[in-house]
Amino acid sequence: MAFPTETVYGLGAGVFNEAAVKRIFEAKRRPADNPLIAHIGSLEQLDQLAAEVKPFARVLIESFFPGPLTLVLKKSERVPLIATARLDTIGIRMPKHSLAQAFLKACGMPVVAPSANISGRPSPTTWKAVYEDLNGRIDCILQGEATEIGLESTVVDCTSDRPIVLRLGGVSLSDIETVSPDVEMGGSTDGTPLRSPGLRHKHYSPKATVIITEKRDRPQPTQKSAFIGTSEWGKGFERSYIAKDVTDYAHTLFEFFRECDREGIETIYCEAVPESGIGAALMDRIKRAAHG
Ligand code: TXA
Ligand code: MG
């Protein structure tokens, strides 16, 4: 069953129900080596999932739960290996979206949920996007509004002696630094093995070619080209979205990609933004869409 959160829509199954978890991988066509995030409705559920919560992880929980932050912790024996792609760790997050909270409370157990899209496609930020990808493959969609943040949660590995950011998202690096100054960026691009298996896979891609553009480049509109960014000069493309600010840009990006696909757009120009706050997560997703 799909449900909205403040980041993107998720596709949920009870974490201890192995048959249901298996169906999630099938419905999404998700590679079996990509672990799922468990969503909790209350902090008491942490003990069912995590074997160890280090003091710095407790600080992150106190500061950012509920919210767009996922912590990777040593998993408890009870969590089936299919949910974590055979890892001995599990990603855990407590959404703050009211419908997500009501859903999780009604379930009465932790719910694993990847983004509710076919693997490789942009994450769904509207129930219609979920329907577009998964109609006929899942039982139902809990219908809510468009998601507020529009990018996924920040994933932080808390299994070593300091927090390591594996994926930037709704909580920024500087937010984390305020409570945990020794936080590090992980999942580097220098060829060392990635700790977050999902980052190996193709992600967030529309069918169109994505090109990152700076203000000074000012590409000329061509047939079947589109623009998204914060600068007025982007008007005049077959489709364009001039965002109010970087937050609005992040909120809109994935649905914009999908709209372009529906219209047969062939080239999408995405304006680069400063890599601070939500801008860092936004540029991460745009770069992945551009470079596959
Ligand atoms: O905002 C979100 O996080 C959304 C909503 C639905 O909560 N969920 C989401 O799930 O984006 P998904 O499955 O699309 O992305 C989960 C990411 C993947 O990159 C995965 O590899 C990583 O988290 N991940 C999950 N468990 C992990 C673990 N035990 N160790 C390292 N990385 C993990
Ligand atoms: Mg996903």
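In the predicted model, Ile-176 touches Leu-60, Phe-64, Leu-69, Thr-154, Val-156, Val-165, Val-171 and Val-183, residues up to four places away in sequence being left out; contact here denotes heavy atoms within 4.5 Å. A second, separate core of 6 residues includes Phe-3, Ala-100, Leu-104 and Ala-113. Ile-176 itself is a member of the largest nonpolar core, which has 67 residues, and is listed with Leu-69, Leu-71, Leu-73, Tyr-249, Leu-253 and Cys-270 among those that touch the most other members. Helix H7 (residues 246-263) gives the most to this core, with 7 residues. A nonpolar core is a set of buried Ala, Val, Leu, Ile, Met, Phe, Trp, Tyr and Cys residues joined through side-chain atoms within 4.5 Å. Buried stands for under 20% relative accessible area, exposed for over 50%, and partly exposed for values in between (1.4 Å probe, protein chains only). Helices (H or I, at least four residues) and strands (E, at least two) are DSSP runs numbered from the N terminus.

The model is predicted, with local features requiring pLDDT of at least 70 and side-chain atom pairs pLDDT 80 or more, whereas totals for chains, interfaces and linings use all residues. Residues are numbered from 1 along each chain as its sequence is written, chains are lettered from A and ligands numbered from 1 in the order in which they are written, and side-chain values use heavy atoms, without hydrogens and water.

Helix H7 also contains Asp-261, which counts as buried because its relative accessibility is 13%. Beyond its neighbours within four places in sequence, Asp-261 is in contact with Arg-121, Pro-206, Lys-207 and Ala-208. With Arg-121 there is a polar contact between the two side chains, at 3.1 Å. Such a contact is a pair of N or O atoms within 3.5 Å; within protein, one must be able to donate a hydrogen and the other to accept it, and residues adjacent in sequence count only if both atoms are side-chain atoms. The C-alpha atoms of Asp-261 and Leu-282 lie 19 Å apart, for a sequence separation of 21 residues.

An open sheet is formed by 4 strands in the order E12-E15-E13-E14, with parallel pairing; strands pair if DSSP finds at least two bridges between them. Strand E12 (209-213) and strand E14 (239-242) are at the edges with a single partner strand each, so one side of each has no neighbour in the sheet. From one strand to the next the twist averages 15°. Between E12 and strand E15 (residues 267-271) there are 5 bridges, and Thr-209 has Thr-267 as its bridge partner in E15. Helix H8 (residues 278-291) packs on the sheet and touches E12 and E15, its direction making about 130° with that of E12. Axes are lines fitted to C-alpha atoms, for helices over the stretch in contact, and angles run from 0 to 180 degrees between N-to-C directions.

On its other pairing, E15 is joined in the parallel sense to strand E13 (residues 225-229) over 4 bridges. Tyr-269 in E15 stands opposite Ile-211 and also opposite Phe-227. Both faces of E15 are covered, with Thr-267, Tyr-269 and Glu-271 buried on one side and Ile-268 and Cys-270 on the other.
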